[in-house]
Structures are given as C-alpha cells and as structure tokens.
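Please look over the model shown here, with its ligand. The report takes it site by site.

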Amino acid sequence: MVSRVIPVDTFDLVIFGATGDLATRKILPALYRRDLAGQLAEGARIIGAARTEFTDDTWRAEVRSVLDETLPADLRDTVALDRFLGRLGYVPIDVRGEAGWPELAARMRADVVQAYYFSVGPSLFGDLAQRLHVHGMNTAECRIVVEKPFGHDLETARALNATLAAHFDEHQIYRIDHYLGKETVQNLMAIRFGNMLFEPLWNAQYVDHIQITVAETVGVAGRGGYYDKSGAMRDMVQNHMMQLLCLIAMEPPYAFEPDAVRDEKLKVIRALDPVQPADIVRGQYAAGNGHASYLDDAENPASRTESFIALKAHVSSWRWKGTPFYLRTGKRMRARTSEIAITFKDPPHSIFGAQEGQKSNVLAIRLQPNEGIKLKVTIKEPGPGGMRLVEVPLDMSFAEALGTSDRDIADAYERLIMDVIRGNQTLFMRGDEVEAAWAWTDPIIAAWESREEVPQSYDPGSSGPEDALMLMHRDGRRWREVKP
Ligand code: NAD
C-alpha cells in the first residue's frame, strides 16, 4: 500500500543555520525526500541563511555533494535532485548583525506560506525573532520552528516563551519534539482512539504498569561539553519521554486538533506527582569495550551529570491512580532502542492452574529501530499434548501489514516540516506544556543537586546501574530486556 501524497501549499522556507549539523543531516534530506515523493508544490523554495559566504550556486553545490554522499542509492534520482536543488537559494547572514537582512526580506514572497526554521542555538532565538520583526518578516501568517532544548529550566523556558511571544502568536510557534513525528507515536493515538478494543482496559484497573525506555549505544564524545550541562533528565526525560508518557496517559481529546490534544497532554503533566528520591536512579557510564568513560567524554573528571536515569512516576488521576510509569533512558547501553510497553494485569483467576506459559499481556510499541506494535497474548500450545499455554506475539510490523517498506515510512522530520507548511500544530509542543514539564522536572533536579549526589557507575553495553534493576525488583517487576 503506497501512502497518498497530498501536495502542500507553495512556501518560502528559510533555514537559519543552514550549514549546521541539523540542517545538513535532517532538514535538507527530509525536504528532498518530500520533494521526491511529489509533496512540494512547483513554486516551493528553500532559502539557506547562515554566516558562511555562500552564493545560491555554491550552496547548491554544497548541498548536492552532501546529498550525494548521504542518500541511500534507492533515493538517488537525478531529475528529482536537480529539481530540489533548483528550489534552493542562500543569503549570508549573521543573526546578530545587520548585513543580509534586507536581501532576505526582499526574497520573501507575500502570497505564499512563509516559514522560518531556527536551526541555530537557542541563545540566538531572541535576536532572530527581533530581526524578523524589524525587517517586517513576522507577518501574521508566518511560522517559526524552534528546536530543543527549549530552556534549561522553568525560568529560562519562560523567558524564551516571552521572547518569542513578543513578536509571534502562539499559533505561529512550532516547538519541535521529533519523537512526536514518528509514525508509531501517531499510531499509538490511532490504536487508542480509533478502536474500541483497548480504551476500556486503558486504566489502573487493568494496567499493571507502563515502561518507557529510550536506550542509546552512543556516548557523549564530541558533544560532551553541551551534554554535561544538561544530562539525561533535561536532554530526554523533560521532553521526549514526557511527551510519550502524555500520549499514553491522556484522556481522549474531543478531536484530533492541536489545542484539543495539547490540552489533554497538559493535564497529564500537571497531574504528575513529585518524584521521591528513592524512586530515581542516576548513572554515568564507565570506560570499557574500547570506549572512554563518561567523565573522559565530558572532559570533566568531577562531573555529577547523569548519562542514565531510571525513575518511577505516578499520574494522580482517576484513570491512573496506582499504576506506576517507569521511565529509563541512557547512553552507552546494550542496544539502541526506544519502546513503550504497557503490561496488563493477570487474569483474576487462572482456570489452568499455575502454568509457565501464562504471562501477562504486554502491548509493546516500538519507536526505533523497526517501528511497529506487538501484543503478547496467551494461547494453547498446538498439538495433542493437553492444555499447555504459551505466549505468542501478535505482530504488527507496519512494513508487513501494510506492504510498505521502512523507506515508505516518512521520517519524523519529513512529517513535521510538512505539518508546519500545512499549519497543523497537533504534533508540536505548546508553550504551557513545555513550562509544565519544567515545573515537574526542576524540583527533582534541585533535590539531587542540593545533596551533591554523584551518579552510580554502570558498565558500557549494560542496562544501566544495578540500582535501576532494584527500582523494579522491589516492586516485584522487571525491566524489559534492552535489545535491538
Ligand atoms: P550547529 O552548530 O551544527 O549549526 C549551527 C548553525 O548556526 C550553523 O549553520 C552556523 O553557521 C549557524 N550560526 C551560528 N551562529 C550564527 C549567527 N550568529 N548567525 C547566523 N548563523 C549562525 O548546530 P546544530 O546541531 O545544527 O543545531 C542547531 C539547533 O538545533 C540547536 O538549537 C540544537 O540544539 C538543535 N538540535 C540539533 C540536533 C541535531 O541533531 N544536530 C537535534 C536536536 C536539536
């Protein structure tokens, strides 16, 4: 089944920071892929803006060589690539200077969608917003796209929101959390709210617990300086994992519309209890397997920043009272995987007696790699050997079920950038959501900072520190295996 491609309106998209890592690795390839799929209107244009002194032609040549190097063979198409490069233009700009702005303003067309992607560090967001205003580019219908990190704590997030709000309405601000752009994450909503099957069971009466794991095999080498000021709580939990938790825990919105969905997510964040110190385990990876330790990668031998965190959270609501949400994320772990697992309670009475094969039903939603959803159910083991039970997965890998390949599943950035052009904010975070998430996170961080708590060491290639296993064991539960 090939997905239907509905072309988006003609646009002028300016990428500030067009020569940077995010633009080169994510934004430009995503736009090329949408162009290849036929989703960009004929007159759509992409204007790069950064400090490097490119011309239109030299930037095109640069982008061509990057795409030539990085695109998989089956996505290389000379005609499509030429068409895509023909859309590109470039204006050298220092966000903090004056040069280049009049030229950029002159290039913007009034009668098409105008979008500005802030693919620069957050310290430049204020200057960017201000310059766009001064040069008359913050039209009532234009959109700006901002990346994480959105603030370092509640205070800085509020300041950032206020800075942007000085020149843009909330409906113009697209705060990206690329996890929300993943196919499976949207499928989570389709499964919950498009079927009768799960929603009646989706509560504390039937769900034993929920696990959310985001494990990476990479360390922080190369970006240790940045990461060391942030840590797993700020880098992963406050944004990506919080968003996943919200989508699991939220009440059905009245419609799949931006504010309806975001209102419900906000209620979940506000209903999160403070986390007790005993319910958090922080870790730092040790050296091993030919890799340096976190402390060496961060170039800070005295660092108390965590590269791993596991915690138990509670949502105080009628639906979830008593059902724990276990969150776990770390670097240099055994495998790269992102997964949400909903473990249902056991049947109240087993008519089959105590049987090895009878396990709790688990709905496992895998975000990466191999996006897909699996439901583990108990059935009778085939054959004449009596009533022996066995657990089998009902597997819904999208590729098989829908006859698509992984290639057909749009990358998160492709979907999100198209949503910006379509003017659909459903999969973007609203300012009050981000602030509420910081309001939950800040006291947790402040508590361990005040205790000058040192994270526990864990072996690279493991599932994190021993105490993280204990966090589950003491509740009579186990983490799911971290496997590729
Ligand atoms: P980068 O350092 O690789 O690129 C920054 C870009 O900004 C470059 O093009 C640089 O020329 C430009 N720039 C810097 N100062 C400028 C100025 N004064 N005027 C004009 N241009 C200027 O950074 P990046 O990794 O591409 O990240 C960009 C933003 O995206 C950051 O906010 C980052 O936190 C966020 N982000 C990046 C990633 C990623 O995978 N790289 C992921 C999530 C979020």
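The notes below start with the basis of the model and then go through its parts.

## Basis

This is a predicted model, in which local features need pLDDT of at least 70, side-chain atom pairs count only at pLDDT 80 or more, and totals for chains, interfaces and linings use all residues. Residues are numbered from 1 along each chain as its sequence is written, and side-chain values use heavy atoms, with hydrogens and water left out.

Helices (H or I, at least four residues) and strands (E, at least two) are DSSP runs, numbered from the N terminus. Buried means under 20% relative accessible area, exposed over 50%, and partly exposed in between (1.4 Å probe, protein chains only).

## Annotated domain

UniProt, in an unreviewed entry, annotates residues 14–187 as "domain: Glucose-6-phosphate dehydrogenase NAD-binding". UniProt positions are given in the numbering used here, feature names are shortened, and annotations may be inferred rather than shown by experiment. The span is 43% helix and 16% strand. Its end C-alpha atoms lie 31 Å apart.

## Ligand shell

The ligand is surrounded by 20 residues. Here a residue is near a molecule or strand if one of its heavy atoms lies within 4 Å of it. The closest are Thr19, Asp21, Leu22, Val95 and Val120. Helix 1 (residues 21–36) gives the most to this shell, with three residues.

Polar contacts are pairs of N or O atoms within 3.5 Å; within protein, one must be able to donate a hydrogen and the other to accept it, and residues adjacent in sequence count only if both atoms are side-chain atoms. Arg25 places a polar side-chain atom 2.8 Å from a ligand oxygen atom. Val95 has a backbone N or O atom 2.7 Å from a ligand nitrogen atom. A polar backbone atom of Lys148 is 3.1 Å from an oxygen atom of the ligand. The protein covers 74% of the 830 Å² of accessible area that the ligand has on its own. Accessible areas come from the Shrake-Rupley method with a 1.4 Å probe; for residues, only the protein chains shown count as cover.

## Annotated binding site

Under "binding site", the unreviewed UniProt entry lists His178, Lys182, Glu216, Asp235 and Lys331. Lys182 sits in the loop between strand 6 (173–175) and helix 7 (183–193). Lys182 is buried because its relative accessible area is 11%. Contact means heavy atoms within 4.5 Å. Not counting residues up to four places away in sequence, Lys182 touches Leu367, Gln368, Glu371, Ala412 and Arg415.

Glu216 lies in the loop between strand 7 (207–215) and helix 8 (224–228). At a relative accessible area of 19%, Glu216 is buried. Its side chain makes a polar contact of 2.8 Å with the side chain of Lys331. Beyond four places in sequence, residues touched by Glu216 include Met236, Gly330, Lys331 and Arg332.

## Asn138

Asn138 is in the loop between helix 5 (125–134) and strand 5 (143–146). Its relative accessibility is 18%, so Asn138 counts as buried. The side chains of Asn138 and His133 form a polar contact of 3.4 Å. Leaving aside neighbours within four places in sequence, Asn138 contacts Leu132, His133, His167 and Phe168.

## Strand 9

Six of the six residues of strand 9 (residues 308–313) are buried, so the strand is largely enclosed by the rest of the structure. Phe308, Ala310 and Lys312 point one way, while Ile309, Leu311 and Ala313 point the other way.

Strands pair if DSSP finds at least two bridges between them. Strand 9 pairs with strand 8 (residues 280–285) in the antiparallel sense over four bridges. Ile309 is the bridge partner of Arg282. Strand 9 also pairs with strand 10 (residues 325–330), again antiparallel, over six bridges. There, Leu311 is bridged to Leu327.

## Backbone exceptions

Most residues other than glycine have a negative phi, and most peptide bonds are trans. The bond from Lys148 to Pro149 is cis, with omega near 0°. Pro149 lies in the loop between strand 5 and helix 6 (154–165). Gln368 and Pro369 are also joined by a cis peptide bond, with omega about -15°.

Asn370 has a positive phi of about 55°. Asn370 lies in the loop between strand 12 and strand 13. With a relative accessible area of 52%, Asn370 is exposed. Glu299 has a positive phi near 50°. Glu299 counts as exposed because its relative accessibility is 71%.
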